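Dear colleague,

I am handing over the structure shown below. Please keep it open while you read the notes that follow.

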Amino acid sequence: MKKQYYLILLFLVFSINLQAQYGKQKKADKLYNNFAYTEAVDVYKELIANEYNLKKNRLKLADTYMKLRSPENAVFYYEDVLEDSTNISEEYYYEYAQALRGAKRYEESREWLQKYLESRGEASAEANKIQNRTNSAIQTTYKLQKSDFNSEFSDFGAVKYKGETYLISARNSKNSEKEYSWNEEPFLDIYKLNSNGEVSPISGEINTKLHDGPISFSPNGETLYFTRNNYFNNKEGKRDKEATNHLKIYSAQKSGNSWINIQELPFNSDNYSVGHPTVSQDGKTLFFASNMPGGQGRTDLFKVSIKGNNTFGIPENLGSKINTPEDETFPFIDEENVLYFSSTGHGGYGLADIFKTDLDTENIEVQNLGETINSNLDDFSYFRETNRNAGFIASNREGSDNIYSFNQLLPLVLKGKVTDAVNGNPIPRATIRLFNKNNEEIAFLESNEDGDYQTTVNRNIDIPLEAKQIEYQNFSDTLDTRNMEDSEELIYNIALQPVADVEYLAEINNIYFDFDKSNIRADAAKELDKLVKLMKEEYPDLVIEIGSHTDKRGSDIYNDALAERRAKATRDYLIAEGVSGERLQKQAFGERKPAIDCDRCSSEQHQLNRRSMFSVVKMD
């Protein structure tokens, strides 16, 4: 009876504990579904500590950490489950690869992306983009500096208009009566930076108790477009069927130093979000981000024509070359109609990277802005002042969303002249090849008639270089483009050393003699005239040796004397044409070094052996 009592008691304790864990599970999932990720973390950890639904809750906790942009923590919980990847959805291979990329574990990330692709019947477009990411060979360089007006809370969305800086921040203000459950920070408001560096809320009725921002000004500054939760006339709007209060775009009109006449844009909806407005430089088009139905993925970029009086055209999706199945957000359009945006769907260096594309080109290509401006975490809200190389981005690379100012350094102009190392003359049609660190060719150039060449190169790297011209020795070196922030161009002149072969340089044919003769034939004189020109005009300090030969007929003594006469005749001709005798050495080889080594030589072979040849003694 006593044993039975203990069994009943044990069962009751187990049931109570199981019921408690079940309650915690419901609580954790509800917090997750309500975007209360910070609170959800603690509850999921309790469930894991109690070994309740271990696989599910480890994956859920990893997902939660990714929502909080903490990939290192996410990796820890993903790998616990994926060590035994049986009965795991292949979608988690992709999520794990994303977390690894955020943690800068790029090789492992590519391996799991490959597993993801192999596990799918057909390859995923977004995974392939990341796996096969290639960046533009020549990139703009950005010098970043953390802005001194950041707070301890989230700060982003900085823009400058008419010399004044505006930003979006979760720093405390009278509008922040409660915290945002996602990250337990105050709700976002729009702020303005005054001339003393003080940050204060924007004037007018823009800021509310929910999220406000980011913003964009019309070119004339009379209209402000801004993002806000569904909140109008001091009243929260309708939520969707899942109780989500979506983002909307509103406009306001300038009145003195304040903003009035707030209006909701007509293409907003209670059932999906519309936000992140940016106005084109001509004021005719509004670009924005939305998860409205019919898009390419979770959040896409759109454009809509501005017709005035709060009337607009029909929103148009920017298409699959720009939008992916992931998130595209924070568009910005510059004065040259180049679109900058943040994306998690184009291959990048981290979670969300900043990209650009020229909307005026026929074949749109999306280009990553590079490692300097992008990090392993989220980089977003790009803004650049019109006709200036300065602007802002935001990034959580240091843990919290912060604003960074940047100076945009255009690619370095590499230019120079290719010359002859001996006489300094320009060398046309020399080829110059540049390589990357993997010895892959990144540029192929040719010098012009004046020996000049020019291209653009990346900054802050080593660039192996190779130069060639058929009459010169190959040249190689490595350029260092580091520490050149104050320079727009790098002058690099190349001096090529001529090949030590005067016959090749002068493009002369062999000098031949008649049988048993040493006089200079007409055909030989024509070739020697080329050598004269080379020595007088191209290389006035060139010293050569004349080596003369005979065929094999006659005795050695006779042939040595005949070769001596041929060498002297050749030297005398060159002297008569104005070449200094001090630059002409001679040597008679007789029949000892035949061009054609034959025992019973034909007349043609004998002719080829009766010759004078030339070699370089000194070219300096």
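**Helix H6**

Helix H6 covers residues 106-119, and at 1.5 Å a residue its 14 residues should span 20 Å, which agrees with the 20 Å between its end C-alpha atoms. The expected span of a helix is 1.5 Å times one less than its number of residues. Helices (H or I, at least four residues) and strands (E, at least two) are DSSP runs, numbered from the N terminus.

This is a predicted model, in which local features need pLDDT of at least 70 and side-chain atom pairs count only at pLDDT 80 or more, while totals for chains, interfaces and linings use all residues. Residues are numbered from 1 along each chain as its sequence is written, and side-chain values use heavy atoms, with hydrogens and water left out.

The buried residues of H6 are Ser-109, Trp-112, Leu-113, Tyr-116 and Leu-117. These residues lie on the same side of H6, because they cover an arc of only 145° around the axis, taken from the directions from the helix axis to the C-beta atoms. An α-helix has 3.6 residues a turn, so residues three or four places apart point the same way. Glu-107 and Glu-118 are exposed, on the face of H6 turned away from its buried side. Buried means under 20% relative accessible area, exposed over 50%, and partly exposed in between (1.4 Å probe, protein chains only).

**Two open sheets**

Four strands in the order E1-E25-E24-E23 form an open sheet with antiparallel pairing; two strands pair if DSSP finds at least two bridges between them. Its edge strands, E1 (141-146) and E23 (379-384), each pair on one side only. E23 is joined by 4 bridges to the antiparallel strand E24 (residues 390-395), where Phe-392 is the bridge partner of Phe-383.

Another open sheet of 4 strands, also antiparallel in its pairing, has the order E2-E3-E6-E7. Here the edge strands are E2 (155-161) and E7 (199-201), each pairing on one side only. Between E3 (residues 164-169) and E6 (residues 189-193) there are 5 bridges in the antiparallel sense, and Leu-167 has Tyr-191 in E6 as its bridge partner.

**Helices H9 and H10**

Helix H9 (residues 522-538) packs against helix H10 (residues 556-576) at an angle of about 55°, with their axes 10 Å apart. H9 is therefore oblique to H10. Angles under 35 degrees count as roughly parallel, over 145 as roughly antiparallel, 65 to 115 as roughly perpendicular and the rest as oblique. Axes are lines fitted to C-alpha atoms, for helices over the stretch in contact, and angles run from 0 to 180 degrees between N-to-C directions.

Yours sincerely
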